[in-house]
Structure formats: structure tokens, C-alpha cells
Amino acid sequence: MNEQRLQAYNQLIQTLLDCPSKEEPEIFAANTELLDADFVQVVAAAEHFAQQGEENTASPVYSVS
């Protein structure tokens, strides 16, 4: 996974976190090219770190560089 792709994933995650409720389906539909196994791994890793109380490790995943 290259840096540009990772930034695109981060942008999508941030957009989803910031969007009003019920807009998620439209956001996913507009970004289908990013919905792949690597995206799932990025989200899962961030969730794992957040659940372990390692917000400093998870937060870069949720922010756009």
C-alpha cells in the first residue's frame, strides 16, 4: 500500500466520521474504488489501537496528513 492510497483511506475515514447520520451509504457509493481489503485492514488496525487505549497510535489513521 503506497502513501497516496493510505492518505485516500484516511480521507475517507475522516469524511465518514464527520458526516451527518445516514449519509454513509452515499459516501461509500462515491468511493467504491477505495473499498478493498487494505481499507478494511486500516480500519481494523485503528479500531484495535483505539480499543487498547492507544489513541496516539490510532489517531493518525483518523486524521488526514
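Me: Where is the place of Asp 36?

Reply: Asp 36 sits in the loop between α2 and α3. The model is predicted: local features need pLDDT of at least 70, side-chain atom pairs count only at pLDDT 80 or more, and totals for chains, interfaces and linings use all residues. Residues are numbered from 1 along each chain as its sequence is written, and side-chain values use heavy atoms, with hydrogens and water left out.

Me: How do you know what counts as a helix, and how many helices are in the protein?

Reply: Helices are DSSP runs of H or I with at least four residues, strands are runs of E with at least two, and both are numbered from the N terminus. By that rule the protein has four helices and zero strands. The order from the N terminus is α-α-α-α.

Me: Why is the pair of Asp 36 and Arg 5 called a salt bridge?

Reply: The term needs a side-chain nitrogen of Lys or Arg within 4 Å of a carboxyl oxygen of Asp or Glu. The closest N and O atoms of Asp 36 and Arg 5 are 2.8 Å apart, so the pair qualifies. A search of the whole structure finds one salt bridge. Side chains of opposite charge can pair when their charged atoms come close.

Me: What does the pair of Asp 36 and Arg 5 tie together?

Reply: Arg 5 lies in helix α1 and Asp 36 in the loop between α2 and α3, so the pair ties together parts that are 31 residues apart in sequence.

Me: Why is Asp 36 called partly exposed?

Reply: Relative accessible area decides: under 20% is buried, over 50% is exposed, and partly exposed is in between (1.4 Å probe, protein chains only). Asp 36 has 25%, so the label is partly exposed. Arg 5, at 27%, is partly exposed too.

Me: What makes the side chains of Asp 36 and Tyr 9 a polar contact?

Reply: A polar contact is a pair of N or O atoms within 3.5 Å; within protein, one must be able to donate a hydrogen and the other to accept it, and residues adjacent in sequence count only if both atoms are side-chain atoms. The Asp 36 and Tyr 9 side chains make such a contact at 2.7 Å. A polar atom of the Asp 36 side chain also lies 2.9 Å from the backbone nitrogen of Phe 39. At the start of α1, a side-chain oxygen of Asn 2 comes to within 3.1 Å of the backbone nitrogen of Gln 4.

Me: How do you know on which side of α1 the buried residues lie?

Reply: The buried residues of α1 are Tyr 9, Asn 10, Leu 12, Ile 13 and Leu 16. They cover an arc of only 160° around the axis, which puts them on the same side of α1. The arc is taken from the directions from the helix axis to the C-beta atoms. The face turned away carries the exposed residues Gln 4 and Asp 18.

Me: Which residues make up the largest nonpolar core?

Reply: The nine are Tyr 9, Leu 12, Ile 13, Leu 16, Cys 19, Ile 27, Leu 34, Phe 39 and Val 42. Such a core joins buried Ala, Val, Leu, Ile, Met, Phe, Trp, Tyr and Cys residues through side-chain atoms within 4.5 Å. α1 gives the most to this core, with four residues.

Me: Why is Lys 22 called exposed?

Reply: Its relative accessibility is 70%, so Lys 22 counts as exposed. Lys 22 is in the loop between α1 and α2. Its phi is near 75°, a positive value in a residue other than glycine.
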